[in-house]
Amino acid sequence: MSHLVLSRTVLAASLAAATTLTTGQVLAEESHLPDEPIRFVTPYPAGGSHSLHAGIITAVGEEFLGRPLISVIRGGGGGAVAAAEVAGSTADGTMLLFGDPTINSLRPQVEDLPYEMDDFVPVARINYSPAIFVTTPDQPFQSIAELVEYAEENPDEVVYSSDNRNGFTFTVFEMLKATADINMRGVELGGGGPAVTQLLGGNTMAYAGDPSVVGEHLEAGSLVGLCVTDTERFEAYGDIPTCQEEGYDVVFQFWRGVMAPAGTSDEVIAELSDGFQRLTEDEGFLRLVGQIGSGIQFLDHEAFAEALSSEQAALREAYLGN
């Protein structure tokens, strides 16, 4: 490499570093956040879709939020342990929950939990994913119709990996059982990582999980896709039909979003929302998210609050009839 080229390379690197530093300084000078790291709490065990997304967010988030993001894995109670911890934390933006519809919209309405829906304020929705019903190649069913037929002929013999009561997998299997009028038994395993492990190990017969969790196994051929719980086929796995295409009205879109404790100031919420929006528009971040078979469907704090309110009302109607 010539001295001129080397000099240009060093200059470009220096400019990039200076730009990042300047951006961080501006964020720090204008920030309403305390000058300390942000703890980004994942409410499920490692290996699931939440921890995969959180790992990427925390790895690159400092540039966009002006603070280091520390990834905290806090499994337990199907997410309730982490949710209660964040709900009870200081409302200054330094502890955030990586929430979802089961933790923040469904379970507080149908269970007695150590937190309530109103204990949180929405900051930003990062994305959502459908579930993909999957099985292993050695099972006696290799399509969703064959699974339903097998369950009809063998009541309660189909044992599937589940996450937690009223969790993502739990909910979509309950929807399938209701719409197909079949009986199956779920084993609650706490999260996507353990659930897939049990399926691959032959201890269960089916699962329904996030593409970021089951995708590598679909590509390797160790899992077979049965149907997708969305209104359209999932782009990365276009050969897998939607459940609706197969005649089963199972639609569930599992969002991942940032939630702050109630009482967090409007200025902090707006600042965090803006930072996460910049993050989700970054090409490097999008490339990393794409590598786990996911994408971005961002909503800022105002749009997310509106969508969250509608979702909570719909789930209340569906589960409680009011």
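The crossing of helices α8 and α9 is right-handed, the label for a near helix turned clockwise from the far one by less than a right angle, with anticlockwise giving left-handed. Two packed helices are described by the angle between their axes and the distance between the axes. Here α8 (residues 192-200) and α9 (residues 211-220) pack at about 30°, with axes 10 Å apart. That makes α8 roughly parallel to α9, since angles under 35 degrees get that name, over 145 roughly antiparallel, 65 to 115 roughly perpendicular and the rest oblique. The axes are lines fitted to C-alpha atoms over the stretch in contact, with angles from 0 to 180 degrees between N-to-C directions. Helices (H or I, at least four residues) and strands (E, at least two) are DSSP runs numbered from the N terminus.

On the α8 side, the contact (heavy atoms within 4.5 Å) uses Gly192, Val196 and Leu200, and α9 brings Val213, Val214 and His217. By class, that contact has 4 nonpolar, 2 polar and no charged residues; Ala, Val, Leu, Ile, Met, Phe, Trp, Tyr, Cys and Pro count as nonpolar, Asp, Glu, Lys and Arg as charged, and the others, Gly among them, as polar.

A word on the source: this is a predicted model, where local features need pLDDT of at least 70, side-chain atom pairs count only at pLDDT 80 or more, and totals for chains, interfaces and linings use all residues. Residues are numbered from 1 along each chain as its sequence is written, and side-chain values use heavy atoms, leaving out hydrogens and water.

Now for the rings. A search of the whole structure finds 10 aromatic pairs, meaning Phe, Tyr or Trp (six-membered ring) centres within 6.5 Å, with planes under 30 degrees apart stacked, over 60 edge-to-face and the rest tilted. Phenylalanine 40 and phenylalanine 98 make a tilted one, 5.0 Å centre to centre with 45° between the planes. This pair joins strand β1 (residues 38-42) to strand β3 (residues 95-99), its members 58 residues apart. Phenylalanine 40 counts as buried because its relative accessibility is 0%, buried being under 20%, exposed over 50% and partly exposed in between (1.4 Å probe, protein chains only). Ring pairs link Phe40, Phe98 and Phe276 into a cluster.

Phe276 turns up again around alanine 124, which touches Gly257, Val258, Phe276, Phe298, Leu299 and Phe304, not counting residues up to four places away in sequence. Alanine 124 sits in strand β4 (residues 120-130) and is buried, at 0% relative accessibility.
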